Amino acid sequence: MASRLHSLRMGGYLFSGSQAPQLSPALMRALGQKCPNLKRLCLHVANLSMVPITSLPCTLRTLELHSCEISMAWLLKEQDPTVLPLLECIVLDRVPAFRDEHLQGLTRFRALRSLVLGGTYRVTETGLDMGLQELSYLQRLEVLGCTLSADSTLLAISRHLRDVRKIRLTVRGLSAPGLSVLEGMPALESLCLLGPLITPEMPSPHEILSSCLTMPKLRVLELQGLGWEGQEAERILSKGLPHCMVIVRACPKESMDWWM
């Protein structure tokens, strides 16, 4: 099946002690040689500190790292710019070593169009602004569970990602003025705001509606985990945005099993 394999999900042994087997550069190179059509690689709880990014299969279009350790050199600008030339999407979910310098290093992936940052607590507001300035070609950005405020994230997006089509972010630190910076975004098609609702400055349904009405291509508005499902807020938004699919729902329960 190797020649037909398009997607692979692998789990490591990050929390199993120093004697546990680890993913190796040789294994990654073998994947590239024996799986010439591999497009998507998802790695979970893996120690990649001794696995150079240059050993990953060059055919990858999507790379997902979930609860993985990486070395400081993994994504720095000084690395070989020809690595992963086809990479379109990278997911960095609970990768504690990921920081501002790594974010700026993503500019080497010229095909990159989709970036997901989940729980990357070392990324600062200044680092995000500088990084997005050089990633102006992104079409999808998700910033979830980070220490960044939603207002600062949206400000950086409005400055540098004028062609972004999909935004998904946690509402921590979101205010009506912060949301308003997205008004008039010419290409935005999907906006998802995720709870839990813990900010007193959270825009009201009417304020969200007002901002969304200025987005000419908006077709999907999703509000998740805000406690608004079945409430007046859902009716206001659905009625006010007849051209949009308005989704108001609770947060799904997250599985602790990496293979789910």
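Modeller: Let us begin with burial. A residue is called buried when its relative accessible area is under 20%, exposed when it is over 50%, and partly exposed in between. Please keep in mind that the model is predicted.

Colleague: Is Val45 buried or exposed?

Modeller: Val45 has a relative accessibility of 18%, so it counts as buried. Its backbone also deserves attention: phi of Val45 is near 40 degrees, a positive value in a residue other than glycine. Val45 sits in the loop that runs from strand E2 (40-44) to strand E3 (62-66).

Colleague: Where is Ser67 found, and what is its phi?

Modeller: Ser67 belongs to the loop between E3 and strand E4 (89-93). Its phi is near 55 degrees, again positive in a residue that is not glycine. With a relative accessible area of 16%, Ser67 is buried.

Colleague: Which peptide bond is cis?

Modeller: The bond from Gly195 to Pro196 is cis, with omega near 15 degrees. Pro196 lies in the loop between strand E8 (190-194) and helix H6 (205-212).

Colleague: Let us turn to charged side chains. How many salt bridges does the count come to?

Modeller: The criterion is a side-chain nitrogen of Lys or Arg within 4 Å of a carboxyl oxygen of Asp or Glu. By this rule there are 8 salt bridges. One of them joins Arg40 and Glu64, at 3.2 Å from N to O. Arg40 is in strand E2 and Glu64 in strand E3, so the pair ties together parts 24 residues apart in sequence. Glu64 is buried at 12% relative accessibility, whereas Arg40 is partly exposed at 27%.

Colleague: Which parts does the pair Glu222 and Arg249 tie together?

Modeller: The side chains of Glu222 and Arg249 meet in a salt bridge of 2.7 Å, N to O. Glu222 lies in strand E9 (residues 220-224) and Arg249 in strand E10 (residues 245-249), so the bridge links parts that are 27 residues apart in sequence. Glu222 is buried, with a relative accessible area of 11%, while Arg249 is partly exposed at 40%. Elsewhere, salt bridges with shared partners join Arg140, Glu142 and Arg168 into one network.

Technical notes. Residues are numbered from 1 along each chain as its sequence is written. This is a predicted model: local features need pLDDT of at least 70, side-chain atom pairs count only at pLDDT 80 or more; totals for chains, interfaces and linings use all residues. Side-chain values use heavy atoms; hydrogens and water are left out. Helices (H or I, at least four residues) and strands (E, at least two) are DSSP runs, numbered from the N terminus. Buried means under 20% relative accessible area, exposed over 50%, partly exposed in between (1.4 Å probe, protein chains only).
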